[in-house]
Amino acid sequence: QVQLVESGGGLVQAGGSLRLSCAASGSIFGVSTMGWYRQAPGKQRELVATVTSGGSTNYADSVKGRFSISRDNARNTVYLQMNSLKPEDTAVYYCNADVFLSIIRSRNSWGQGTQVTVTS
């Protein structure tokens, strides 16, 4: 059983900052790519950022230069530092991870989501 637990969402004014955290726990052999996705009301879930176990990152164009993703491999934790937030960043943010349950078994897992609301 694998759990991804997110924290750090909330309400912030435009221009402000928030930091999201997501910790993977359970019967984990290892964690490959970790990332953040978001879903605004009436819209499809979209990629925000990903980071591989080696530290390579990928960002959506809409957040480049404002958001930064990082991870702590020892803690199986991924972070999303969000700066210069805009009202259009308002969404439920979901953590995602490719978790290895053994050397040959992996599972893609999602967190429960955390709400980020940016007011103008």
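The structure holds 2 aromatic pairs, where rings of Phe, Tyr and Trp (its six-membered ring) pair if their centres lie within 6.5 Å, with planes under 30 degrees apart counted as stacked, over 60 as edge-to-face and the rest as tilted. The model is predicted, so local features need pLDDT of at least 70 and side-chain atom pairs count only at pLDDT 80 or more, while totals for chains, interfaces and linings use all residues. Residues are numbered from 1 along each chain as its sequence is written, and side-chain values use heavy atoms, with hydrogens and water left out.

**Aromatic pairs**

- The ring centres of Tyr 37 and Trp 110 are 5.1 Å apart and the planes stand at 65°, so this pair is edge-to-face.
- Tyr 37 is in strand β4 (residues 30–39) and Trp 110 in strand β10, 73 residues apart; strands (E, at least two residues) and helices (H or I, at least four) are DSSP runs, numbered from the N terminus.
- Tyr 37 counts as partly exposed because its relative accessibility is 22%, and Trp 110 counts as partly exposed at 39%; buried means under 20% relative accessible area, exposed over 50%, and partly exposed in between (1.4 Å probe, protein chains only).
- Tyr 94 and Trp 110 have ring centres 6.5 Å apart and planes at 85°, so this pair is also edge-to-face.
- Tyr 94 lies in strand β9 and Trp 110 in strand β10, 16 residues apart.
- Tyr 94 is buried, with a relative accessible area of 14%.
- Tyr 37, Tyr 94 and Trp 110 form one aromatic cluster.

**Disulfide**

- A disulfide is a covalent bond between the sulfur atoms of two cysteines.
- The count comes to 1 disulfide, under the rule that the two cysteine sulfur atoms lie within 2.5 Å.
- Cys 22 and Cys 95 form this link, with their sulfur atoms 2.1 Å apart.
- The link joins distant parts of the chain, with Cys 22 in strand β3 and Cys 95 in strand β9, 73 residues apart.
- The angle about the S-S bond is -80°, and the link of Cys 22 and Cys 95 is left-handed.
- Cys 22 is buried at 0% relative accessibility, and Cys 95 is buried with a relative accessible area of 0%.

**Salt bridges**

- There are 5 salt bridges in the structure, each a side-chain nitrogen of Lys or Arg within 4 Å of a carboxyl oxygen of Asp or Glu.
- Asp 89 and Arg 38 meet in one of them, at 3.0 Å from N to O.
- Asp 89 lies in the loop between β8 (77–82) and β9 and Arg 38 in strand β4, so the pair ties together parts 51 residues apart in sequence.
- Arg 66 also bridges to Asp 89, with the closest N and O atoms 2.7 Å apart.
- Arg 66 sits in the loop between β6 (57–59) and β7 (67–72), 23 residues from Asp 89.
- Asp 89 and Arg 38 are both buried, and Arg 66 is buried too.
- Arg 38, Glu 46, Arg 66 and Asp 89 are linked in a network of salt bridges.
- Arg 75 forms a salt bridge with Asp 72, the closest N and O atoms being 3.2 Å apart.
- Arg 75 is exposed at 58% relative accessibility, whereas Asp 72 is partly exposed at 23%.

**Strand β1**

- β1 pairs with strand β3 (residues 18–26) in the antiparallel sense over 6 bridges; strands pair if DSSP finds at least two bridges between them.
- Val 2 stands opposite Gly 26 in β3.
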